[in-house]
Amino acid sequence: MSELSLPKIIGLLAVLLAFVAVPFYLEGFWLQAGLFAMSAAIGAIGINLLTGATGQLSMGHAFFLAVGAYAYVYFAAEPTRTLDGLGLPAPLAAVLAVAVAGVAGGLFSPIAGRLKGAYLGIATLALIFGGQHLLFNAEPVTGGFNGRAVPAMEIFGFAFADTPELVIANVPFGALERLWFLGGLVLLAAALFARGVLRGRPGRAMNTIRDHEIAAGVMGVPVTRYRAGVFVLSSMYGGLAGVLLALVFQRTVPDYFGILLSLDYLAMIVIGGLGSVGGAVIGAVFVSLLPQLLTRYSDAIPLVAAPGSAGVSPSEAARLLYGAVVVTVVLFLPGGLLGLLRSLRLRLTRLRFSLSPAPSPDTRSSHVP
């Protein structure tokens, strides 16, 4: 069967139509939750390249999201009496923010190229603690504890904001509706690029480093250089996720970019499936949507209390649940949720062929000359 067979084309068209229809039928909560999931998926793809494909543990991914988010705000915002800014065009500010995240990863890459496993994980914790200190104290750039407002994205005069007013098919298109399509395009580009990396020569070298480091060196793979390069690429993915996250939040606050966010990203790639783009996306959707759904429906879910009241909060319940899912995946589903879906699809395919009627002897003989 060809790669672009009719069922696949129909499936892709159905997904595309569903994606386009979402802003016309769903309310703002679901659009915001979906955009958070898109941002998380971009960041998860980046850390999956590092941890899942190359075998390098990083606990500092949240730092690069913070670098991307705050760099975008600094480059795009106009300076005020208390806050600095360059007032650059928003698209240029976004590109520079991703580049700054890559530079930050490049400065740490000599360490990432020489350490591995738990040693690298412990070393990257320094990025989180140092980053938190900078975010809280570099007030002219970050705004300190209160954070900073995020300038809206504007491309060729089209603003991804609530103003000017835009109505399509009697549906008001505000910031979330407009960002929905921008986020989808950015996620698609990030996923396709990562897929190309993993399926090409770099991906094979990364997998060899992960599975057999000594053999990779013997085969001529520059292990240190690959580790450092993948760390930079992962940092840029984190910066891109931070930019999209800032645009959705419309405000950057230091508390969000802590160690818990880095742990969330590790949970995403383990739950979804290590070493694959699809697994990163599935895990990101699961981990990012779960606390928001628990918050929205806390009144109807037993043992989950509304935020601010006594009992288990939705965020705590979410971490307990996907902590249990991580343990289950590690013990029983090494391929993650993506591996489970592939296994189910294979079983359904086998079942379909087993239930199909076998050709009769007359039919077989009719083809014999």
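# Close-up views of a predicted model

**View 1. Phe173 and its aromatic partners.** Phe173 is buried, with a relative accessible area of 5%, in what is a predicted model rather than an experimental one. Phe173 pairs with Phe181 in a stacked arrangement, in which the two ring centres are 6.3 Å apart and the planes make an angle of 10°. Phe181, for its part, is partly exposed, with a relative accessible area of 25%. Both residues belong to one aromatic cluster, which also takes in Phe19, Phe24 and Trp180.

**View 2. The aromatic pair of Phe36 and Phe249.** The structure contains 15 aromatic pairs, and one of them is formed by Phe36 and Phe249, whose ring centres lie 5.0 Å apart and whose planes meet at 50°, so the pair is tilted. This pair links distant parts of the chain, since Phe36 sits in helix α2 and Phe249 in helix α10, 213 residues apart. Phe36 is buried, with a relative accessible area of 13%, whereas Phe249 is partly exposed, at 38%.

**View 3. The surroundings of Leu35.** Leu35 is placed in helix α2 and counts as buried, its relative accessibility being 0%. When neighbours within four places in sequence are left aside, the residues in contact with Leu35 are Leu176, Leu179, Trp180, Leu244 and Val248. Although Leu35 and Phe249 are 214 residues apart along the chain, their C-alpha atoms are separated by 9.7 Å.

**View 4. The salt bridge between Glu27 and Arg296.** The structure holds 5 salt bridges, and in one of them the side chains of Glu27 and Arg296 meet with a distance of 2.3 Å from N to O. Glu27 lies in the loop between α1 (6–25) and α2 (28–53), while Arg296 lies in helix α12 (residues 277–296), so the pair ties together parts that are 269 residues apart in sequence. Glu27 is partly exposed, with a relative accessible area of 39%, and Arg296 is also partly exposed, with a value of 36%.

View 5. The side chains of Glu213 and Lys116 meet in a salt bridge, with 2.9 Å from N to O. Glu213 is in helix α9 (residues 213–218) and Lys116 is in the loop between α4 (90–114) and α5 (117–137), so that this pair links distant parts of the chain, 97 residues apart. Glu213 is partly exposed at 28% relative accessibility, and Lys116 is partly exposed at 43%. Asp211 forms a salt bridge with Arg210, in which the closest N and O atoms are 2.9 Å apart. Salt bridges that share partners join Lys116, Glu213 and Arg227 into one network.

**View 6. The buried residues of helix α8.** In helix α8 (residues 201–211), the buried residues are Gly203, Ala205, Met206, Thr208 and Ile209. The elements that cover these residues include α2, α7 (175–199), α9 and α10 (223–249).

**View 7. A nonpolar patch on the surface.** Ile9, Leu13, Leu16 and Val20 form a nonpolar patch on the surface, and together they have about 320 Å² of accessible area. Leu16, one of these residues, is found in helix α1 and counts as partly exposed, at 48% relative accessibility. An α-helix has 3.6 residues a turn, so residues three or four places apart point the same way.

Methods: Residues are numbered from 1 along each chain as its sequence is written. This is a predicted model: local features need pLDDT of at least 70, side-chain atom pairs count only at pLDDT 80 or more; totals for chains, interfaces and linings use all residues. Side-chain values use heavy atoms; hydrogens and water are left out. A salt bridge is a side-chain nitrogen of Lys or Arg within 4 Å of a carboxyl oxygen of Asp or Glu. Helices (H or I, at least four residues) and strands (E, at least two) are DSSP runs, numbered from the N terminus. Buried means under 20% relative accessible area, exposed over 50%, partly exposed in between (1.4 Å probe, protein chains only). Contact means heavy atoms within 4.5 Å. Patches are made of residues with over 30% relative accessible area and no salt bridge: like charges are joined within 9 Å, nonpolar side chains (Val, Leu, Ile, Met, Phe, Trp, Tyr) within 5 Å. Accessible areas come from the Shrake-Rupley method with a 1.4 Å probe; for residues, only the protein chains shown count as cover. Rings of Phe, Tyr and Trp (its six-membered ring) pair if their centres lie within 6.5 Å; planes under 30 degrees apart count as stacked, over 60 as edge-to-face and the rest as tilted.
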